[in-house]
Amino acid sequence: MICGTHNLTDRQTDRQSNIELLRIIAMIMIAFHHFACHGNFDWQSVGTTIPHLWYNFIVMGGKIGVDIFILISGYFLINSNGSVFNFKRILKFWGQVFFYSIGIYIVFCAVGVSDFGIKSLIKSLFPITFSSWWFASTYFVLYIIHPFLNMLLRRLDRKLYQSLLVMLVILWSVIPTFTTSSYQGNSLLWFVTLYAIAGYARLYGFNNNYTSKHYFAFWAIISVLTYASSAIFTFMGERWSIFSTHSTYFYGQEKVTVLLISLTLFMAFATLKMNYHKWINILASATFGVYLIHDNGIVRPFLWVDVFKNAQYQDSLFLIPYSILVVAIVYIACTMIDLIRKQIFEKPYMLLVNKYADTVLKPFSKICDFFRNIVFG
């Protein structure tokens, strides 16, 4: 989730600081979510406590953050023009994912935290293929197909576009929310749905009478109601266990509640008037790196279980300030690492990509044309 998405389409100086600030907030919510989900907590034997309710609160932001990142992508990429496959930008994205996949693997094997193995090495060499990060792999496919989505969406008139959105939301949000069935949905189809929603917001907008204040109010109301459902289920779970096991049911990324929270928060920032702030944009450029580092499959248990031992404060009120402190440390450290990576590794890498990519990929294009002619004539 989560991802430095429209840094694939815009130069840093061109980015809107209001959206960049939202990107930072979304990644912080995701980091809190990971603190909760991967912290080895066990609430089955614990009654309703303040730490338990805090857990329910911080875990809520994870899928909201994911949805927001895709909404940001759709909002900016819907108007992108150029070649169908921009290999340089694809290689930039791939390069960052590959760097952290193989880099983290080598470091953790070297210090003895992880065991070396041929299978694990191969998976580290092909992180997108083997979905080392589910979000990165899903987003990679979305980015590849987004030019075709743009061709489809921009050719629809306003009413047809609205009909498409209604159909997509019913199929992959309303039905899953009220029936528990995914209805043949998956992460990619959901990302396409979010992309289409954000694309509509950019092309046509929603109700012009709504200002940023209105959207913030909508976001606050829906968020409180969604969290209240979790708290109520938790209390009811003390008597009926089925409620406790589904206390975060409405937190799913495709649930109507999370969709509305994500969309209203996104629109609140999209309509927010804010001046350009250099440091906000710089920090936001590292959000994808923050995700790739702290949610790496090797780093994840080491960080939340071995180093910070999140679950040790499960029964303590100290869990609240501790989680804030830990997430702040992790976020700042990962941001610094990624900003350093950009300067030391990404700059020379992109110089090579910009210089040689077209030459290297020319034979590949010819091979594709050859098979295209054989199949399609």
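Q: Where is T180 placed?
A: T180 is in the loop between helix 7 (158-179) and helix 8 (187-203). Helices here are DSSP runs of H or I with at least four residues, numbered from the N terminus. The model is predicted, so local features need pLDDT of at least 70, side-chain atom pairs count only at pLDDT 80 or more, and totals for chains, interfaces and linings use all residues. Residues are numbered from 1 along each chain as its sequence is written, and side-chain values use heavy atoms, with hydrogens and water left out.

Q: Is T180 buried or exposed?
A: T180 counts as exposed because its relative accessibility is 63%. Exposed means over 50% relative accessible area, buried means under 20%, and partly exposed lies in between (1.4 Å probe, protein chains only).

Q: What is the phi of T180?
A: T180 has a positive phi of about 65 degrees, although it is not a glycine. Most residues other than glycine have a negative phi.

Q: And what about the phi of K309?
A: The phi of K309 is near 50 degrees, again a positive value in a residue other than glycine. K309 lies in the loop between helix 14 (299-307) and helix 15. With a relative accessible area of 43%, K309 is partly exposed.

Q: Moving to another loop, where is N207 found?
A: N207 is in the loop between helix 8 and helix 9 (212-236). Its relative accessible area is 35%, so N207 is partly exposed. A polar atom of the N207 side chain lies 2.8 Å from the backbone nitrogen of N209.

Q: Where does S247 lie?
A: S247 lies in the loop between helix 10 (241-245) and helix 11 (256-270). S247 is buried, because its relative accessible area is 9%.

Q: What does S247 touch?
A: Not counting residues up to four places away in sequence, S247 touches N56, S230, F233 and T234. Contact means heavy atoms within 4.5 Å.

Q: How far apart are S247 and L319?
A: S247 and L319 are 72 residues apart in sequence and 19 Å apart in space, C-alpha to C-alpha.

Q: Which loop holds Q253, and what does Q253 touch?
A: Q253 also lies in the loop between helix 10 and helix 11. At 10% relative accessibility, Q253 counts as buried. Leaving aside residues up to four places away in sequence, Q253 touches K63, V66, D67, W134, S187, W190, F191 and V258.

Q: Now the charged pairs: how many salt bridges does the structure hold?
A: The structure holds 8 salt bridges. A salt bridge is a side-chain nitrogen of Lys or Arg within 4 Å of a carboxyl oxygen of Asp or Glu.

Q: Which parts of the chain does the K88 and D358 pair link?
A: The side chains of K88 and D358 meet in a salt bridge at 3.7 Å, N to O. This pair links distant parts of the chain, with K88 in helix 4 (residues 87-110) and D358 in helix 15 (residues 319-376), 270 residues apart. K88 counts as partly exposed because its relative accessibility is 25%.

Q: What about R341 and D338?
A: The side chains of R341 and D338 form a salt bridge at 2.8 Å, N to O. They are 3 residues apart in helix 15, so about one helical turn separates R341 and D338. Both R341 and D338 are buried.

Q: How far apart are the closest N and O atoms of E346 and K342?
A: E346 forms a salt bridge with K342, and the closest N and O atoms are 3.7 Å apart. E346 and K342 are 4 residues apart in helix 15, so about one helical turn separates them. E346 and K342 are buried. Salt bridges that share partners join D338, R341, K342 and E346 into one network.

How values were computed:
Helices (H or I, at least four residues) and strands (E, at least two) are DSSP runs, numbered from the N terminus. A polar contact is a pair of N or O atoms within 3.5 Å; within protein, one must be able to donate a hydrogen and the other to accept it, and residues adjacent in sequence count only if both atoms are side-chain atoms.
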